[in-house]
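Dear colleague,

Please find below the structure that I am handing over to you. My notes on its salt bridges follow.

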Amino acid sequence: MSSRVALVTGGTGGIGTAICKRLADMGHRVATNYRNEEKARAWQQQMKAEGYDITLVPGDVGTPEGAADLVRGVEQALGPVEILVNNAGITRDTTFHRMTAEQWHEVINTNLNSVFNVTRPVIDGMRERKWGRVIQISSINGLKGQYGQANYAAAKAGMHGFTISLARENARLGITVNTVSPGYVATDMVMAVPEEVRAKIVADIPTGRLGRPEEIAYAVGFLVAEEAAWITGSNLDINGGHHMGW
Ligand code: NDP
């Protein structure tokens, strides 16, 4: 199996950490970004204690300059990016009639504009080398909508349009582009939701529990495999049956 260079944005978060580990377990050389040095150092120590050597590069994916610096830093440390997982994301939940322009723009910028910011500096290299894997971590709520998440659902739905367009443009160049849409996974993002709301969400999930970050990472590992060369422009729903069909 080839060892590829992988960049996972937001790799120090709940799902991102599991993706970093999964890709490292597959033999890939993995990098992620950080914004807070102290938090990053503690995370890297934890990874080392678990036997993982993940490269950390400073970077805010919310600006084209920050993303370009991030990609440059990863390429200097490990070489050209061959696998990109656009995973960084935030929520700023409130009903639309209360939503401020700041809450709207912050979420669109971090969750969707970041996908442009990071993919743009890596796509030329993937096209030249005729191999690449680009995966967007979207959300169940980008497919079905969610009360209080007009900003988040719009950003996550936008990832699908991006994915299927980029997939078409690059299909003949050995580059696959796919989306993974997790349901509710037990990370800080979901544990911040009030307990009674979470209980109602879980009651609605056919498997009767929240997802585990490793279950999302497994899907990413599947899509980046050499054998997954004919899977492009797809969306993989992983949500314990919470949202089925179209
Ligand atoms: P976490 O909050 O645990 O992690 C988010 C990560 O994104 C952190 O590492 C954070 O870094 C990083 N990040 C946020 N903003 C930026 C930025 N501007 N530049 C660089 N990095 C940034 O979230 P999850 O692990 O739960 O979520 C990961 C992805 O999965 C997100 O896109 C989320 O929308 C999606 N998702 C999550 C679900 C869930 O149930 N948890 C369900 C469906 C989708 P920092 O520590 O510096 O803030």
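Predicted model: local features only at pLDDT ≥ 70, side-chain atom pairs only at ≥ 80, totals over all residues.

In these notes, buried means under 20% relative accessible area, exposed over 50%, and partly exposed in between (1.4 Å probe, protein chains only). Residues are numbered from 1 along each chain as its sequence is written, and side-chain values use heavy atoms, leaving out hydrogens and water.

The protein chain has a mean pLDDT of 97, and 100% of its residues reach 70 or more.

A salt bridge is taken as a side-chain nitrogen of Lys or Arg within 4 Å of a carboxyl oxygen of Asp or Glu; the count comes to nine. One of them pairs arginine 4 with glutamate 226, with 3.1 Å between the closest N and O atoms. Arginine 4 precedes strand 1 (5–8), whereas glutamate 226 sits in the loop between helix 9 (213–224) and strand 7 (235–238), so the pair ties together parts 222 residues apart in sequence. Helices (H or I, at least four residues) and strands (E, at least two) are DSSP runs, numbered from the N terminus. Arginine 4 is buried, at 12% relative accessible area, while glutamate 226 is partly exposed, at 31%.

Within helix 4 (residues 101–129), arginine 120 and aspartate 124 are four residues apart, about one helical turn, and their side chains form a salt bridge (3.7 Å, N to O). Arginine 120 is partly exposed at 43%, as is aspartate 124 at 40%.

Yours sincerely

How values were computed. pLDDT = per-residue confidence, 0-100.
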